[in-house]
Amino acid sequence: MKISTKWVQVIGATAVGLVAAANAAFAADKVSLRLDWVYGSEHAPIFLAIEKGFFKEENIDLNLMPGEGSSVTVKLVGNRDTDFGYATADQVLIGAQRGLPLVATAVVLQQNPTALIFKASAGIKDLKTDLKGKTIGVQLKSNTSRQWEAIKKSMGLDAKSFTEVPADGALVPLLTTDRIQAGVGFYFNDGLKLKGTGVDAAWISFEDLGVKMYSTSLLTNAELIEKNPDLVKRFTRAFMKGWSYSLKHQDEALQAFVKANPSTDKIYAELKLPEVLKLTDSADVRANGLGHSTSADWENLQKQLIEMEIMKEKTDVSKVFSNDFLN
Amino acid sequence: MYRLTVTAGQILVFVVFFAAWELLVHLLHIKPVILPAPSRIAEVAWANHELLLRNTWPTFVAISLGFLWAVGTGFLIAVAIAYSKIIRDLTYPFLVTAQILPKIAFAPLFLIWFGFGLMPKVVIAALIAFFPVVINTAKGLTSVDGELLQYMDSLGASAWEKFTKISLPWAMPYFFAALKISITLAIVGAVVGEFVAAGEGLGYVINASNISLDTELMFAAIVCMSVLGILMFLAIVFFERLLIPGEQQDEGVQATM
């Protein structure tokens, strides 16, 4: 009786071992990706990559999750709760400076989407003269408010000539009801949402006013890069393939997004995607390929964050980004 | 002796909690941006005490105004409910429904409805602090011993005398039980208001510290808020001791919420 029990155990253990070995050989790598925010058509290229099987081709079984803001995403990646994250470059840099082992493997959105958004009828052309007497909504929970401070300083705007009010997450209703005449936010979110309500929306991009900042990027943990650089390479490749394919086939990307999120506001989704795709462009990208970033621009981002007092100390930017995983 | 031992034990629970926290953070090498150790939070709180104090004031004002508004209107409505069967029957289902409604979920809309600055904070605080006052006080006023009132009648007491001499003192323990719940709700309300609609206050500090991933400052602001909450709670306990005779400070009178 005793012997037979032992044999059962041995056979059982062997079987478990075999199954595990088989799994290791054939099963895809399970990889999690946490986005910056809830699903929107700015993520359409990721949904397209899933639908087209770009991740499967790289033997990756993707678990996609919506986010609750970039600051949460970088903490989750830094803590290794998620393998990859999609978050704004400023939060990656600040997180790295705060000791999180973060590396951006592709800077997807190369341009700063922050803008001063208003109804075209507000007639704001020159910030120095046209803001007089107006009420401006500022989102204190996001760094866009600090960018606005920087612009007021660099352009020498008279802050006493207009009123600023906190307007987190409510720019569009406040603009449509004329509670505010202008608001600081992402033009591909609030600006296009305003347009979607049938209002003739207009905006002045902060990028055009000189606040050049890398935006949403793909990031991972330095430990994962050390442990499995091949996986990081394959994942980044599949992810970026979704973006390059979407640039050529916008309709397919939009369809993939709508198919995965049938309850989405389709008009807004359709307005947003082309604007987001435009932001993937830069001189550097044209020369070196989609997602590429330079040490000089990361340094510039850091310099601005320190000036805006969002970042307290410098960090070594060369450790925070890598172009090695791009094709 | 027992009282003293219990107090020592209560303090010990806190000490053990914070010591375990401190120890775990160090043993597991948890980064301060993920979870700062209590010692680090204390350090940051001290380094930023000016900023924290400056932002405690607007939060205190919002809580106080919201609370007083809730207590004032809540008390009056409770009296109306207690003395008029028709008002009670008509409004009670509505009040209970409104109490259950998750009012915090409306917070982002308050910005649009009530504008900017102090107003939305006070409204949210008042709105969620209001219902326990009404329901508890009404319960207190209606649970008065009927024989006592009959006795007052036999003495030829006026309705006003019955109210001030019998019903009101009778309802006091219920009223104060409600106040203790309401003040904690008013704190939650004011802070939620600051999350969505403020450029100052402790709720705003919590939010703003998120931009720079300053988890230590966020915790320091939470500590400030807790201290503020405890002080306001103790102030109510102080008034309770002052206004209610010792034997009536019955901890057995539980709020209905």
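How many of the 257 residues of chain B count as buried? I looked this up and found 37%. I took buried to mean that 20 or more other C-beta atoms, placed from the backbone, lie within 10 Å of the residue's own.

**Entry: ground rules.** I noted that this is a predicted model, in which local features need pLDDT of at least 70 and side-chain atom pairs count only at pLDDT 80 or more, while totals for chains, interfaces and linings use all residues. Residues are numbered from 1 along each chain as its sequence is written, and chains are lettered from A and ligands numbered from 1 in the order in which they are written.

**Entry: chain B.** I listed 10 helices and zero strands in chain B. I took helices as DSSP runs of H or I with at least four residues and strands as runs of E with at least two, numbered from the N terminus. The C-alpha trace of chain B spans about 75 × 55 × 30 Å along its principal axes. I then looked at contacts, where two residues count if their C-beta atoms, placed from the backbone, lie within 7 Å. Among contacts in chain B between residues at least 6 apart in sequence, 78% join residues at least 24 apart.

**Entry: where chain B meets chain A.** The contact involves 18 residues of chain B and 24 residues of chain A. On the chain B side, I found that helix H5 (107–114), helix H8 (159–197) and helix H9 (202–211) each give two or more residues. H9(B) has the largest share, with five residues. By class, this side of chain B has 13 nonpolar, four polar and one charged residues. For the classes, Ala, Val, Leu, Ile, Met, Phe, Trp, Tyr, Cys and Pro count as nonpolar, Asp, Glu, Lys and Arg as charged, and the others, Gly among them, as polar.

**Entry: domains of chain A.** I noted domain 1 (10–111 + 215–319) and domain 2 (114–205) in chain A; the bounds come from an automatic or database domain assignment. The C-alpha centres of domain 1 and domain 2 of chain A lie 29 Å apart. Their contact takes 13 residues from domain 1 of chain A and 10 residues from domain 2 of chain A. On the domain 1 side, helix H13 (266–278) and helix H15 (295–307) of chain A each supply at least two residues. H13(A) gives the most, with six residues. I sorted the residues of this side of domain 1 into six nonpolar, one polar and six charged.

**Entry: the sheet in chain A.** I traced an open sheet of five strands in the order S2-S1-S3-S10-S4 (chain A), with mixed pairing. Two strands pair if DSSP finds at least two bridges between them. Strand S2 (60–65) and strand S4 (102–107) of chain A are the edge strands, each pairing on one side only. Strand S3 (residues 84–88) and strand S10 (residues 216–221) of chain A are antiparallel and share five bridges. Ala87(A) stands opposite Ser217(A) in S10(A).

**Entry: helix H7 of chain A.** I checked the length of H7 (residues 144–155) of chain A: at 1.5 Å a residue its 12 residues should span 16 Å, and its end C-alpha atoms are 16 Å apart, which agrees. The expected span is 1.5 Å times one less than the number of residues. The buried residues of H7(A) are Thr144(A), Ser145(A), Arg146(A), Gln147(A) and Trp148(A). Their cover includes strand S5 (114–119), strand S6 (135–138) and strand S8 (182–186) of chain A. Just after H7(A), I noted a positive phi of about 65° at Gly156(A).

Notes
A residue is buried if 20 or more other C-beta atoms lie within 10 Å of its own, exposed if 12 or fewer, and partly exposed in between; C-beta atoms are placed from the backbone.
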